[in-house]
Amino acid sequence: MLLSLLLSAVLLGSEARAEDPQLAPDVVEFLQQQQQPLPFVVDFEQKRTIQGLPRPLLSSGQLTIAADEVIWHTQQPLDQKLVINAAGIYSDEQPKLRGSEVIAELLLAVLQGDANAIARNFATELKEECLFLTPKLQQLQQFVASIESCGVAAIETIRLVEQQGNQSVISFQPKAAVGVEAQ
């Protein structure tokens, strides 16, 4: 799972932060174009390919992105809810995951389009409708090769590529506006 991979990198420690670097203007514009009014709710499908397994692992559910937290609710194949906020990552079955504050910051930065946090933690490259993120933290580089965020008016897919070749592709489908009934 995306979170377990990133969490293992965080548990190894983190580097001290230098001054806040700046993103290129085209990257900032791309992030602004993808931003949605919060809270923003999308359905997701995740396809996780693991070396040595004959088929990818599939999961789906609902993702709610708010100003101060992200709720990752997997509904299939198992019902599990993760809450990601500045204090860390919490699940239904256990209290805050140890050392999850930094990983929570990284996930919030990517999912919320936080330009300052992205600039601090990732090298960026914009190609057409995709933003490629390469981790700056050595601990994270040991596990994550790259993160690719694609979409025009909103994030449509995120691809996480691990150093050993495993990868997760998460596709998002926006939900219909709350309170709007089909005609």
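This is a predicted model: local features need pLDDT of at least 70, side-chain atom pairs count only at pLDDT 80 or more; totals for chains, interfaces and linings use all residues.
Which residues is Val-169 in contact with, leaving aside its neighbours within four places in sequence?

1. **Val-169 and its surroundings.** Beyond its neighbours within four places in sequence, Val-169 is in contact with Glu-45, Gln-46, Lys-47, Ile-158 and Arg-159. Val-169 itself belongs to strand β10, which covers residues 167-174. Ile-158 lies eleven residues from Val-169 along the chain, and the C-alpha atoms of the two are separated by 5.8 Å. Arg-159 stands opposite Val-169 in β10.

2. **The sheet.** Ten strands make up an open sheet with antiparallel pairing, in the order β5-β4-β3-β2-β1-β10-β9-β8-β7-β6.

3. **Salt bridge between Glu-162 and Arg-48.** The whole structure contains three salt bridges. In one of them, the side chains of Glu-162 and Arg-48 meet with an N to O distance of 2.6 Å. This pair links distant parts of the chain, as Glu-162 is in strand β9 (residues 157-162) and Arg-48 is in strand β1 (residues 40-49), 114 residues apart. Both Glu-162 and Arg-48 are buried.

4. **Salt bridge between Glu-148 and Arg-159.** Arg-159, already named as standing opposite Val-169, forms a salt bridge with Glu-148, and the closest N and O atoms are 3.7 Å apart. Here too distant parts of the chain are linked: Glu-148 is in strand β8 (residues 144-150) and Arg-159 in strand β9, eleven residues apart. Glu-148 counts as buried because its relative accessibility is 18%, under the 20% limit. Arg-159, with a relative accessible area of 32%, is partly exposed.

5. **Salt bridge between Lys-127 and Glu-125.** The closest N and O atoms of Lys-127 and Glu-125 are 3.8 Å apart in this salt bridge. Lys-127 counts as partly exposed because its relative accessibility is 45%. Glu-125 is likewise partly exposed, its relative accessible area being 41%.

6. **The disulfide.** The count of disulfides comes to one. Cys-130 and Cys-150 form it, with their sulfur atoms 1.9 Å apart. The torsion about the S-S bond is about 110°, so the disulfide is right-handed. Cys-130 lies in strand β7 (residues 130-135) and Cys-150 in strand β8; the pair therefore ties together parts that are 20 residues apart in sequence. Cys-130 counts as buried at 14% relative accessibility, and Cys-150 counts as buried at 9%.

7. **The nonpolar core.** The largest nonpolar core has 37 residues, of which Leu-63 and Phe-172 touch the most other members. Helix α3 (residues 101-112) supplies the largest share of this core, seven residues. Not counting residues up to four places away in sequence, Phe-172 touches Val-42, Asp-43, Phe-44, Leu-63, Leu-111, Ile-155, Glu-156, Thr-157 and Ile-158. In soluble globular proteins, nonpolar side chains tend to be buried together.

Conventions: Residues are numbered from 1 along each chain as its sequence is written. Side-chain values use heavy atoms; hydrogens and water are left out. Helices (H or I, at least four residues) and strands (E, at least two) are DSSP runs, numbered from the N terminus. Contact means heavy atoms within 4.5 Å. A salt bridge is a side-chain nitrogen of Lys or Arg within 4 Å of a carboxyl oxygen of Asp or Glu. Buried means under 20% relative accessible area, exposed over 50%, partly exposed in between (1.4 Å probe, protein chains only). A disulfide is a pair of cysteine sulfur atoms within 2.5 Å. A nonpolar core is a set of buried Ala, Val, Leu, Ile, Met, Phe, Trp, Tyr and Cys residues joined through side-chain atoms within 4.5 Å. Two strands pair if DSSP finds at least two bridges between them.
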